[in-house]
Amino acid sequence: MEGRFVFEDKVVIVTGGAAGIGAGLVRGILSQNARHVTFLDVAKREGEQLERELMNKFGNLKVMFIHCDVSNETDYRAAFKKVTDKFHRLDVVINNAAILSGEESLRKKVVDINFTAVVNITLTALDTMAVGKGGFGGVILNVSSLLALKPSKNLPVYSATKAAVIQFTNSIALNESYKESQVRVLTVCLGPTDTAILIKYTSDAFEQGCSQPLTSRVTERQRVESAVKGIIDVIKKADNASTWVIAANKPPVDITLPVRKGLRITSNENGA
């Protein structure tokens, strides 16, 4: 229900936080009086610039940038340890890091960043945050995409990783006893958003032979601020194991029941 979670005095990790939606989330959560936000990214220059900006605005103890490849186990485990050693708690983890590409040479990296890293960081976060394991409970939010809900000829690997994020998140949320962990695990599916990752990809075209950029296939690209506000609202109010759409500068829409109904229909038809 609305307002049951507050960011005040919470310790937060955001992946892919140096620019775009991730940077917007870092700024937005700090503005909600979080105790501290650590953001992870491979973009060292952008991350350091944002860290300086936010330290000047919010104070040195409020924010920390860690240069981190989320697909590298050594990197992300070291980042988690640095945060928990310093603050002795972790309350929110947002898996936002992603690669949008249809290039054959980047297929493995798309899977590694968009899905495998989400799996590993979610499980690490659960081990850290679960009340039954000495944590304080909290929220894990995994960012998916509208392309997870509709097959894409031009971005099949990207779409598949984002669909896998939904299935994994919902499975973890159902299998992990919320009563024991007190960690809500959520998914948001973002519509096209005005970020550098989208602008770069549409300017290059989807892949060889693709004649239509993504922006011509949707009615409206939403503002980063709309995506950020929607994600923060979902974290505040959403039930465990719920799935949400944030698109076209509109408030978040709960699609949990249609997603579950679709899976039930498919499993029943195949006798599963």
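**A chat about loops, a helix and cysteines**

Visitor: Hi! Where is the place of Ala248?
Guide: Ala248 sits in the loop between β7 and β8 (253–254). Keep in mind that this is a predicted model.

Visitor: And what is its phi, for Ala248?
Guide: The phi of Ala248 is positive, about 55 degrees, although Ala248 is not a glycine.

Visitor: Okay, on to Ala241. Which loop holds that residue?
Guide: Ala241 is in the loop between α8 (224–237) and β7 (243–246). Its phi is positive too, near 70 degrees, and Ala241 is likewise a residue other than glycine.

Visitor: Is Ala241 buried or exposed?
Guide: Ala241 is buried: its relative accessible area is 4%, and the cut-off for buried is under 20%.

Visitor: Changing topic: which helix has Arg77?
Guide: Arg77 belongs to helix α3, which covers residues 73–87. With a relative accessible area of 43%, Arg77 counts as partly exposed, because that label covers values between the 20% and 50% cut-offs.

Visitor: How many Å apart in space are Arg77 and Ile121?
Guide: Their C-alpha atoms are 8.5 Å apart, while Arg77 and Ile121 are separated by 44 residues in sequence.

Visitor: Last topic, cysteines. How many disulfides does a search of the whole structure find?
Guide: That search finds 0 disulfides.

Visitor: What about Cys68, buried or exposed?
Guide: Cys68 is buried, at 2% relative accessible area. Cys189 is buried as well, with a value of 0%.

Conventions
Residues numbered from 1 in each chain as written. Predicted model: local features only at pLDDT ≥ 70, side-chain atom pairs only at ≥ 80, totals over all residues. Heavy atoms only, no water. Helix = DSSP H or I, 4+ residues; strand = E, 2+ residues; numbered from the N terminus. Buried < 20%, exposed > 50% of the residue type's maximum accessible area, 1.4 Å probe, protein only. Disulfide = S-S within 2.5 Å.
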